[in-house]
Amino acid sequence: MADYRRRRLISRLGLGLCVAATGLAVLPLFSVLFYVLARGIGALDLAFFTQMPKPVGEPGGGIANAIVGSLVMVGLGSAMGIPVGIMAGVYLAEYGRGRFAQAVRFLTDVFMGVPSVVIGVFLYAVLVVSAGGFSALAGAVSLALIIIPLATRTTDEMLRLVPASLREASLALGATKARTIVSVVLRSASGGVLTGVMLALARAAGETAPLLFTALSSRHWSLSLGEPMASLPVYIYTYAISPFADWQSQAWGAALVLVVLVLVLNLLARIASRGHYRY
Amino acid sequence: MAKRLPLIRDRLFAGLAFFFAFLMLLLIGGMVYFLVDASVPAWRTFGPSFVTGQRWDAIRQVFGALPFIYGTLASSLLALILALPLGIGAAIFLAELAPPWVRVPLSYLIELLAAVPSVVYGLWGLLVLAPALRSTVEPWLEQYLGFLPLFRGPAFGVGVLAAGAVLAIMILPTICSVSREVMLAVPDSQREAMLALGATRWETTYKVVLPYGRSGIIGAVVLGLGRALGETMAVTMVIGNSLSMSASLLHPANSMASIIVNEFAEAVSELHLSALIGIALILFVITLLLNAVARGLVRGAAGPSAGARRE
């Protein structure tokens, strides 16, 4: 009896530690969100969204150029990256056989693990040096390279969940393989693919290191793709490491905007995945 | 003739899909080629002492990457030590104990940790965590454990310890959600058999679930380690950016990723630039190996889909 009591005690202790670990694991999230909200909200007003950054010492000013820059580069990056990623995923799930497909699948995994700073360095040499300067276009390409492996992997996985009977039915009706993939397979997996794409977008929106090597940043209003362009993450980085208190407070404000953007994208992704198994 | 058009489109579609899959190969190949090609001057000038050299001096054009390799390893291992018990403990709670109404929102919260951008962790680490470490944890470590070289003062707040702590938070979701998936893949019959023999819940978890999912859990940890090694912005912001090497965790340092961010813009000489790219190559190779190992382990344990969606 005593032995059973001891074992029960150990069991409760062990499981209690697991509960405590869970609490400790969630704690930093609350701390980060609390500080971003508490310190960021003070920096937010209308001017923060509509005005340009002010020089050091002058109070006020905003991050209009960084918000627009982020939208432009994430938009352009996803316009390049999403089609490539989805088509590569389609290849892996629908056409790929044998060693070549295995190799591509493995390389996609490797690609996902490549540190973003390495992607930045690579594009710096390939695009920035040859073009003679930092540019928003190079920044967009760097974000596309973040998106591509994520989109490929999710598409591949989601398409492989679609039952073969759907494909067979479509082919039996006389549809071509391409028509089957576009109208039947991709459509029935669209919820899952959309989720993956949104998560990839959220990730790209928060990437900093690749942009430092490609788009750099700018204190001016610029919509030209050939010029350096400001972005939210780079803005947060530069302002956070500055010694000025009002710049740091603006960094918190920008962080709040970025976190809200990323969390909304995540939430949308979650909603999209509800319609995940539609067949 | 009317029937030819759909067929041509069909071929075109297949060709396009193949081309984009092939592009993946080209991109990785191009990356490797470029990193090797551009770092040749550094390897040729310093040979093996590029990896073992302790001096990094842009003015004298001497480049040894050891302090940064050490900074990366120290901060990542520290992160692993901190995140491992929390991540596995939380995974056990989520996979084995929690009722669905607790499990679903909590799993979501932990995955949200992974969604917060790295630069935001850096901001929080620099302006909240590092000052807190400097005023509370570090004086304590210095006072009671200061006789160890690891905890020798003075404490700055920013440094290897702060970097390790921020990294721990960032790799926790990876470790937790992948090992939770592995545990959920353990068949219920295993647990039922153990419980039927009279084992407690803890004994079931400890002696059946964990050993059964061992290779997958190790894979989850290696995956987390890979993420820590390559993490850039958060580390750059809290590690303190020192070029010298110190054994103390309380001192500022630099990681491989952070030295690249800090010096890339200022690197004017070809040798300096090629040394930085050489560091990027070392980093690339290390993360490549770790990821290959980790995915092999996780795939084997939890089926082909586990681990891939969590990045």
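Let's start with the contact between the two chains: 83 residues of chain A and 78 residues of chain B take part. Contact here means heavy atoms within 4.5 Å. A word on the basis. This is a predicted model, where local features need pLDDT of at least 70, side-chain atom pairs count only at pLDDT 80 or more, and totals for chains, interfaces and linings use all residues. Residues are numbered from 1 along each chain as its sequence is written, chains are lettered from A and ligands numbered from 1 in the order in which they are written, and side-chain values use heavy atoms, with hydrogens and water left out.

Back to the interface. The size of an interface is often given as the accessible area lost when the parts come together. Between chain A and chain B, the buried area is about 7100 Å². That is the accessible area, with a 1.4 Å probe, that two parts lose on being put together, summed over both. Carbon and sulfur atoms give 82% of it. On the chain A side, L29(A), M87(A) and F122(A) supply 8% of the area buried against chain B, more than any other three residues.

How many salt bridges does the rule find across the interface of chain A and chain B? One. The rule asks for a side-chain nitrogen of Lys or Arg within 4 Å of a carboxyl oxygen of Asp or Glu. The partners are R7(A) and E203(B), with their closest N and O atoms 2.8 Å apart.

Which element of chain A gives the most to the side that touches chain B? Helix 1, residues 2–41, with 21 residues. Helices are DSSP runs of H or I, at least four residues, numbered from the N terminus. By type, that side of chain A has 60 nonpolar, 13 polar and 10 charged residues. Nonpolar covers Ala, Val, Leu, Ile, Met, Phe, Trp, Tyr, Cys and Pro; charged covers Asp, Glu, Lys and Arg; the others, Gly among them, are polar.

Next, aromatics. The whole structure holds 23 aromatic pairs over all chains. Rings of Phe, Tyr and Trp (its six-membered ring) pair if their centres lie within 6.5 Å; planes under 30 degrees apart are stacked, over 60 edge-to-face, and the rest tilted. One of the pairs is F100(A) with F22(B), stacked, at 6.3 Å centre to centre and 25 degrees between the planes. This pair crosses between chains, from helix 4 (residues 98–113) of chain A to helix 1 (residues 4–46) of chain B. F100(A) is partly exposed at 24% relative accessibility. F22(B) is partly exposed too, at 31%. The cut-offs: buried is under 20% relative accessible area, exposed over 50%, partly exposed in between, with a 1.4 Å probe and protein chains only.

Another pair is Y124(A) with F264(B). Their ring centres are 4.8 Å apart and the planes stand at 85 degrees, so this one is edge-to-face. Y124(A) sits in helix 5 (residues 116–131) of chain A, and F264(B) in the loop between helix 11 and helix 12 (270–302) of chain B, so the pair joins two chains. Y124(A) is buried at 19%, and F264(B) is buried at 4%. Within chain B, one aromatic cluster is formed by W43(B), F46(B), F50(B), W56(B), F63(B) and F68(B).

On to backbone angles. Most residues other than glycine have a negative phi. L216(A) has a positive phi of about 55 degrees. That residue is in the loop between helix 10 (209–214) and helix 11 (232–240) of chain A. N241(B) also has a positive phi, near 55 degrees. N241(B) lies in the loop between helix 10 (233–238) and helix 11 (256–263) of chain B, and is partly exposed at 36%.

N241(B) leads us to S258(B). Beyond neighbours within four places in sequence, S258(B) touches T236(B), I239(B) and N241(B). Is S258(B) buried or exposed? Buried, with a relative accessible area of 0%. S258(B) is in helix 11 of chain B, and its side chain reaches the backbone nitrogen of S255(B) at 2.8 Å.

Last stop, T72(B), in helix 3 (residues 66–97) of chain B. T72(B) is buried at 1%. Its contacts, not counting residues up to four places away in sequence, are L229(B), N254(B), S255(B) and M256(B).

Notes: A polar contact is a pair of N or O atoms within 3.5 Å; within protein, one must be able to donate a hydrogen and the other to accept it, and residues adjacent in sequence count only if both atoms are side-chain atoms.
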